[in-house]
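Hi,

Here is the structure I promised to pass on. Have a look at it first, and then read on for what I found.

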Amino acid sequence: MNQEMGAPENHPTGHIPTFDIRLSPTPRGARLARLLAEQHLRSWGLPVEQVTQIVAELAANAVTHGRVPGRDFQLLIYVVDHTLRIEVTDTRDDRFPRLRPPSEDGEAGRGLLLVEALADKWGVAVGRRPRKTVWAEVTLPHRDPAGRAPVTRAAIPQGTPG
């Protein structure tokens, strides 16, 4: 398990882009989580594909393995400095996700392998009983004040001081 970043309300910087929603623990709720995450990431001007894939996998796991009838799951996405954090909270603290090799003939079992590959860090935190939160963090590219991606050393022509 990875070390957690502080909660957004405890972070001393200015505005923190945040999206928070509770959804039904159904395939439709998981799909809606992905679509709403994509919409908010686009409105924030952030990369979409990698993060929405992580959201899709974590939401699908919450619906498949964390479902308790009548209890919603929660999706929280926020950015602190250059780290985007995704949290999916469900009400099954008795079932923790584990990385396992997928079966040769099965279609399931690859979600956490994708999260492991796409996220910089991920882990599980136990909340107030009976909640658990599966979280993932993605480091965002640094941008200059005009919103452009930074110039890397490799992009500076030879002979130019850098």
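Leu-75 has Val-88 of strand 3 as its bridge partner. That pair is part of how strand 2 (residues 73–80) and strand 3 are held side by side: seven bridges join them, and they run antiparallel. There are two residues between the strands in this hairpin, and Asp-81 takes a positive phi near 55° there. Before you go further, keep in mind that this is a predicted model.

Strand 3 has another partner too. It pairs with strand 5 (residues 132–139), again antiparallel, over eight bridges. If you want a spot to look at, find Thr-89, which stands opposite Thr-133 in strand 5.

So how enclosed is strand 3 (residues 83–90)? Eight of its eight residues are buried, so the rest of the structure largely encloses it. In a regular strand, side chains alternate between the two faces of the sheet. Here both faces are covered: Thr-83, Arg-85, Glu-87 and Thr-89 are buried on one side, and Leu-84, Ile-86, Val-88 and Asp-90 are buried on the other.

Leu-84 is worth a click. Beyond its neighbours within four places in sequence, its contacts include Leu-41, Val-51, Ile-77 and Ala-136. Which residues touch the most other members of the largest nonpolar core? They are Leu-75 and Leu-84, in a core of 32 residues. Helix 1, helix 2 and strand 1 (18–23) are among the elements that each supply at least two residues of this core, and helix 2 gives the most, with seven.

That brings us to helix 2 (residues 49–65). With 17 residues at 1.5 Å each, it should span 24 Å, and its end C-alpha atoms are 24 Å apart, so the two agree. Its buried residues include Val-51, Ile-54, Val-55, Leu-58 and Ala-62. Among the elements that cover the buried residues of helix 2 are helix 1 (27–44), helix 3 (111–118) and strand 5.

Now zoom out. The protein chain has three helices and five strands, and along the sequence they follow the pattern β-α-α-β-β-α-β-β. Of its 162 residues, 38% count as buried. Looking at contacts with a separation of 6 or more, 63% are between residues 24 or more positions apart. The chain exposes about 10100 Å², with carbon and sulfur atoms supplying 51% of that.

Happy exploring!

Key. Residues are numbered from 1 along each chain as its sequence is written. This is a predicted model: local features need pLDDT of at least 70, side-chain atom pairs count only at pLDDT 80 or more; totals for chains, interfaces and linings use all residues. Side-chain values use heavy atoms; hydrogens and water are left out. Helices (H or I, at least four residues) and strands (E, at least two) are DSSP runs, numbered from the N terminus. Buried means under 20% relative accessible area, exposed over 50%, partly exposed in between (1.4 Å probe, protein chains only). Contact means heavy atoms within 4.5 Å. Accessible areas come from the Shrake-Rupley method with a 1.4 Å probe; for residues, only the protein chains shown count as cover. Two strands pair if DSSP finds at least two bridges between them. The expected span of a helix is 1.5 Å times one less than its number of residues. A nonpolar core is a set of buried Ala, Val, Leu, Ile, Met, Phe, Trp, Tyr and Cys residues joined through side-chain atoms within 4.5 Å.
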